[in-house]
Number of protein chains: 6
Amino acid sequence: MSENQKSVGLRIALPNGSLEEGTLRLFEEANLKIWKDSRKHVALIYSPLILRVTFMRPQHIPALVERGVYDVGICGSDCIEESETHVIQIAELPYGRGASNGVAKVVLVTSKENPVETIEQVERESVVLSEYPSITKRAFAQRMPVDIRFSYGGTEAHIPGDYRYGVCLTDTGASLKANGLKVIHTLLETHTCLITSREILSTTAESPKEHESKKLVVALKHLLLGTLAARERVFLVMNVQTRSKERLLKQLPALKTPTVTPLADGDYFSVGAVVLKDELNALIPALLMNGAEDLVEMPISKVIRSW
Amino acid sequence: MSENQKSVGLRIALPNGSLEEGTLRLFEEANLKIWKDSRKHVALIYSPLILRVTFMRPQHIPALVERGVYDVGICGSDCIEESETHVIQIAELPYGRGASNGVAKVVLVTSKENPVETIEQVERESVVLSEYPSITKRAFAQRMPVDIRFSYGGTEAHIPGDYRYGVCLTDTGASLKANGLKVIHTLLETHTCLITSREILSTTAESPKEHESKKLVVALKHLLLGTLAARERVFLVMNVQTRSKERLLKQLPALKTPTVTPLADGDYFSVGAVVLKDELNALIPALLMNGAEDLVEMPISKVIRSW
Amino acid sequence: MSENQKSVGLRIALPNGSLEEGTLRLFEEANLKIWKDSRKHVALIYSPLILRVTFMRPQHIPALVERGVYDVGICGSDCIEESETHVIQIAELPYGRGASNGVAKVVLVTSKENPVETIEQVERESVVLSEYPSITKRAFAQRMPVDIRFSYGGTEAHIPGDYRYGVCLTDTGASLKANGLKVIHTLLETHTCLITSREILSTTAESPKEHESKKLVVALKHLLLGTLAARERVFLVMNVQTRSKERLLKQLPALKTPTVTPLADGDYFSVGAVVLKDELNALIPALLMNGAEDLVEMPISKVIRSW
Amino acid sequence: MSENQKSVGLRIALPNGSLEEGTLRLFEEANLKIWKDSRKHVALIYSPLILRVTFMRPQHIPALVERGVYDVGICGSDCIEESETHVIQIAELPYGRGASNGVAKVVLVTSKENPVETIEQVERESVVLSEYPSITKRAFAQRMPVDIRFSYGGTEAHIPGDYRYGVCLTDTGASLKANGLKVIHTLLETHTCLITSREILSTTAESPKEHESKKLVVALKHLLLGTLAARERVFLVMNVQTRSKERLLKQLPALKTPTVTPLADGDYFSVGAVVLKDELNALIPALLMNGAEDLVEMPISKVIRSW
Amino acid sequence: MSENQKSVGLRIALPNGSLEEGTLRLFEEANLKIWKDSRKHVALIYSPLILRVTFMRPQHIPALVERGVYDVGICGSDCIEESETHVIQIAELPYGRGASNGVAKVVLVTSKENPVETIEQVERESVVLSEYPSITKRAFAQRMPVDIRFSYGGTEAHIPGDYRYGVCLTDTGASLKANGLKVIHTLLETHTCLITSREILSTTAESPKEHESKKLVVALKHLLLGTLAARERVFLVMNVQTRSKERLLKQLPALKTPTVTPLADGDYFSVGAVVLKDELNALIPALLMNGAEDLVEMPISKVIRSW
Amino acid sequence: MSENQKSVGLRIALPNGSLEEGTLRLFEEANLKIWKDSRKHVALIYSPLILRVTFMRPQHIPALVERGVYDVGICGSDCIEESETHVIQIAELPYGRGASNGVAKVVLVTSKENPVETIEQVERESVVLSEYPSITKRAFAQRMPVDIRFSYGGTEAHIPGDYRYGVCLTDTGASLKANGLKVIHTLLETHTCLITSREILSTTAESPKEHESKKLVVALKHLLLGTLAARERVFLVMNVQTRSKERLLKQLPALKTPTVTPLADGDYFSVGAVVLKDELNALIPALLMNGAEDLVEMPISKVIRSW
């Protein structure tokens, strides 16, 4: 029935801003291409997994996933901490702005000229301009009273000219350095993550419709992680004579589960394995010096070891 | 002999305009790269299949293929209908301008303000500005007399200010909408197609030289369709234990003919199959939940089931 | 020990100028991505194979490799000849500026109006503006005395207006033609090559540290050549019934060593082979007409037959 | 003295975000080119008028100017209202994002499907997602209690799916329309303005150093307004015979103060005037039909009537 | 009254295609900026001169201007000839595609291999593929019977492969040369022109409303020609001592009507003149060597000598 | 006569490489537009001043101007010194790569780690890699014997890894700093200059044809310098009442020669002057506060005070 059909598929909240481009690229590589009109927030997707995709500021996502307005969301873990919500991080997704892996820090900064070197030395009643007032409040709660002012962003522009301390996000630290600031405390390490609610994860087969959502969330997790894993891996396939087979297989780390197939020509085997690009240039000489012949390297677009 | 050599290979007529970019991309992906100087119509290609490539307005192509000036051509089926020729469509090629699949419509349009809603209600002796006078004439022949004026294009600019009715091509309808027009009749649904003549297809092995052309036409059809098919497919390969093999294979639609190979380790099989990207995200969870291990997805550049 | 660790890996001299872009692309495809700051000559690379990468004018490379300041280098063979060094060319690398294969010529040119047609007819005491004074000197040594002037480049601009003869590099000859010049002698055919010193190649297992460098040089050669070979090849895989297997394999040139695997279904084999893109469009019809089924073409990123 | 020198020149707070590009362009046209490193907030400028330039979120600017941290600032008047500060708007600067004139509105929006049409009909205790909580609070204070939630931006993405009402900035309304929203109340009309503090404007010649700042603020206002005025004006110069002079001058509105110079040839005058581009195409025919000869139009880069 | 107001201003038909970009640029320079949405044909303009701007294929323009649907139009004179309309060319506008001056030719072409060299030698009953059937018919009417086929464009692609003769437009001839064709007759020389109807030009002051349109047409002509003239001219202003004045003025061609003003310092005059950029580099040395001092060159945006 | 005509106009040698773009821009601004095909060295120009333009490596230019093959040339003064020719610098042209003013230095550099701080401390028999062997030889001649090796460029890449000292060109020093080098001696300060030969400058009216060349060289100098001067200046024009005139003129530096014209209205004067952009923002307030009214600023394209 049409009524039922509409309720099939996940409702997903995705981040605009610094993660938007990387998210669109990841979904496209995962065969979940999103058609986004730059002026509209509801984007189009044609997939049985997904009912609706909405782009929004990442700060809004945890609360809306917790309330069940969306089934899953993608955002930085800083947004979860700041929002004080109880959502579940079901996967860490190693991507961020540009070629970054999405890892960053929420830090307390001050001018290089300020002799204060740790959070413990911050003067009582100091004014702190913070992009994360809730996280900042918890960090100072057991330490000393401070006056926390909300920052709309661009915090480093105001330290120390306008305010003595600031709390903001940093990945490479280049922007802090360029503005003459130093980090005196790390409040949080943050990464991009896939989140859902406790309600969805606690469904059982007894409520079939809700249980279906849980299955889709797990499928989405595997498809996204499988796509991200494929980015840094290739498929190697090579032939080897029977007498060299064992010697060759020792070169392939157990983890990679090589697939070994006997060739029609009884004296040869074909060996295939997925390997990390980073290990490739050390591995290929080792394989060829241990009996591999006709080695071919092929790009892959997804790899999933098991459910 | 040089004389004979020259007659080997197909003479191909290709469309410039909206299909040009997509045609050049398709041929390059099919390892038939065309070197085109934007000012010349005859383009270069280095291939034993093809003797000569010429780019031209698609409207001209059907007549020239029918007359035997070219062995094959690519154009929209609207051009075939308008030209009233008897060429053979040997394959529908699902591509068009940009990311479109080449499907469009020839429509009769009028202003949204006009109360007329169907072609039957068009007033006798109306003036119709048409980019397809021949198709338009046939459409009105059994209905009512109208005064058909040829349009050089940009028809929607003139309705209703200059003329009351128009006939033009539309794919998304966005341009019609932007100009305040509505469609009151669809004269034709059109798609990109590969055409040849009856003469070439009716050759037999008794006239060897002509028969050779027929073989090349068939080869070209397979190479182009195989390339287009590969765009929307990937290769999946996975391992499965003997006891799960049958369960797993049931998930793979018969059509895909999975290739099953016993591994050296007697208890496992490797399974490979070409699958549609559109089915991938439903299929991968089903496979992994039914025994698939170490699943790898790889891009492909051509797929041809049989001749 | 830190001291020892620093000495592991190759010191490589790479060319800036016309070969720079192609070199960066080749190393990236070979999983040896180089991070180059356009103002610095020492570039970054993260690889166990390579200790240090420096970009410089290719003319400087042979002398520095000969002196052992660098272990390997990439440059045109014209630079080796001009520098009169004794380095070893361990591989010809078929790439150059843009899509070129790196092959070029050092030529003696003069105006088309000049009746002189060969080097033997050059007038005694002629003035020759040369980008390669050393090669030029050797070319004229046994023939006639000439006055060789060093050219900083752009030699063709000065013939015949400012000087009667010139020696310069040319690949397509387009620049010579555009300036109204003709070639009257080819002094040298040149190509891009990977070079190392006699010392490194003559090491034996008795001096383990030096011997390690030799192994790394060989590994680098294979990885670069394997990457270049993959650019013009694809992987073909297809199924074939037992009764057609021999007929099919005859279509695959011996050189390609097809890999034949029996399928679980006893009556079929899977056949895989790496083939040249240039042969593909003739080969695919031949394979399908000789029993191949479910043929799939896949891109590859490296191919190495043996060490 | 170096100490004194440092205190000469204005400290200016400039907006990043949508006004940044237009601000940089305006200052460059005014011969006050700013050298801005995209990662730094403090920018460089070489001018006797200006001591220091800092870019920041415009919301922060009014409070910092009020407090005297900066002498002048540029921001939208919405920021002044939201900040509840008492700064002085010394000039309205007619520029904004791209080619816009900087005029926009703060509006209360809801879904087109919502039958509510005015702010008076909003249901008591409604939840309002607002980018301007302070302005919103004042708007509802005398009307009805509502629950105002702060919005980080992208408000229209959440109406009505997540919240029933929203308050945001709009210029063309295109984004609202694209998201299916309607405006039910305008809370504020906003424009770009140059602001300073009461303290600076109230200085007198008795405190020379502070008074110098006031003079610089006035100079900056004239230079910026003179540059903006020049964008929409040109200089017209033409000759006229004595007998037609009075008739011609009647065509030139009094406001433009034409400059009339007698020519050496006693019977002619030269007439020059600055005129608005918008009036040009009506004015030029009128001038030429009333005796103007040899009319020339020239671009101008600044126009200032008086101090 | 609203009815009357609507009828003020010209209705203009402008060409899309090769003249579109140049037309938009010209109108912008003339302070008649047109805001064109690439999907809409009716464009926006804010000017008392112009009521409505519509872009269309140039072939459609003469007939619509003749019928009075538009008051003025811009198109190539080839379109006028082919349409067999009786519109009036009120100005030749020297612009075309890119930097071209809009001058082109309608030519009869054939293959370079064809021994026919003039139109007189064309064989009776030849087939001519023509983009201008009406012009072609007139050209052959008094000569010989030929079979004229309408060409949709890209005519040179079909000569001689598909048809023996063709008629098409050419400006530089590069495209003809690239396709191996030669011109054997010029049917028409064509240029970009501003057209209107006889009706408009024949109005008198007795029918005031129509007469107003005539005035606007004349104004538009002057504004466009004045803008085009300014592109290739600059304004020179210089001082000269009384004793050198006559010598200096002899250097300035009579045509330029220099403006001479006595300076306050009784012994000097200021001299100003509009001169062609092409004459500038010969003129400036001559002026300075004949008494000019403090010479300044300034750009201009319009120049109109008289109505 | 055609023979004579050909010999009119200058033969100019222009630099390719880092000065090419700036040279093309300067000549275009000076109404001497050069049409350059990137593959040809002889470029086209349509001007009575210039017969032939050839682009070449700047190192080749001084010798060819000295020999009389070209009448004038543009190159850095480093090329003149290195070539040891006796050409005449008739003007310093303040432009270089990008926005640079063309001023640079030939420097002796070494690693920051090297304790040597001046050229006097360089060790005897040191190896110096030099892009200027001739200048380097002269610098060391009276000091100490060194071994100078010719550098093809990119010298900083080799210090100190491959050679201890280097001689190269530097403008901002950024590249040296990025490579960890320091300057220990400046061999030469260099700038872009216009050169010609002693022969041309010493011609008199007695040899009319040669004398014509001298005149053209002087004209070229004035046109280029006048264009460069206009880049950093604008024209100011304002009105002033008789009683304020003297006060106002005191604000205008003597050097600027204001032009003062009495207005028709007997009580006012118009004042015009060319002023430097750098002084503009201090000057405009001063003028307005001393009686200027209706001040207008206009861009200029050339300014030449006298011959």
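Begin by selecting B:D294 and A:R305, whose side chains meet in a salt bridge with an N to O distance of 2.9 Å. The model on display is predicted. Across the interface of chain A and chain B, the rule finds two salt bridges.

**The interface of chains A and B**

Next, show chains A and B together. To see which parts of chain A take part, colour its elements. Those that give two or more residues to the side touching chain B are α8 (208-231), β14 (259-262), β15 (268-276), β16 (293-299) and β17 (302-304) of chain A. Among these, select β14(A): it supplies four residues, the largest share of that side.

Now widen the selection to every residue in contact. On chain A there are 25 such residues, and they touch 20 residues of chain B. The size of an interface is often given as the accessible area lost when the parts come together. Between chain A and chain B the buried area is about 2,000 Å², and carbon and sulfur atoms give 62% of it.

**The domains of chain A**

Domain 1 is made of two segments, 2-101 and 192-230. Domain 2 covers 104-190, and domain 3 covers 233-299.

**The whole assembly**

Display all the chains again. Nine pairs of chains touch, and chains C and F have the most contacts among them. Other pairs have no contact at all. Chain B and chain D are one example, with their closest C-alpha atoms 15 Å apart. Chain A and chain F are another, and their closest C-alpha atoms lie 17 Å apart.

**The cysteines**

Finally, select the cysteines. How many disulfides does the structure hold over all chains? There are zero. Zoom in on B:C193, which is in no disulfide; its nearest cysteine sulfur belongs to B:C75 and is 5.1 Å away. B:C193 counts as buried because its relative accessibility is 0%. Move to C:C193, which is likewise in no disulfide, with the sulfur of C:C75, its nearest cysteine sulfur, at 5.2 Å. C:C193 also has 0% relative accessibility and therefore counts as buried.

How values were computed:
Residues numbered from 1 in each chain as written. Chains lettered and ligands numbered in written order. Predicted model: local features only at pLDDT ≥ 70, side-chain atom pairs only at ≥ 80, totals over all residues. Heavy atoms only, no water. Disulfide = S-S within 2.5 Å. Buried < 20%, exposed > 50% of the residue type's maximum accessible area, 1.4 Å probe, protein only. Domains from an automatic or database assignment. Contact = heavy atoms within 4.5 Å. Buried area = accessible area lost by both parts, 1.4 Å probe. Salt bridge = Lys/Arg side-chain N within 4 Å of Asp/Glu carboxyl O.
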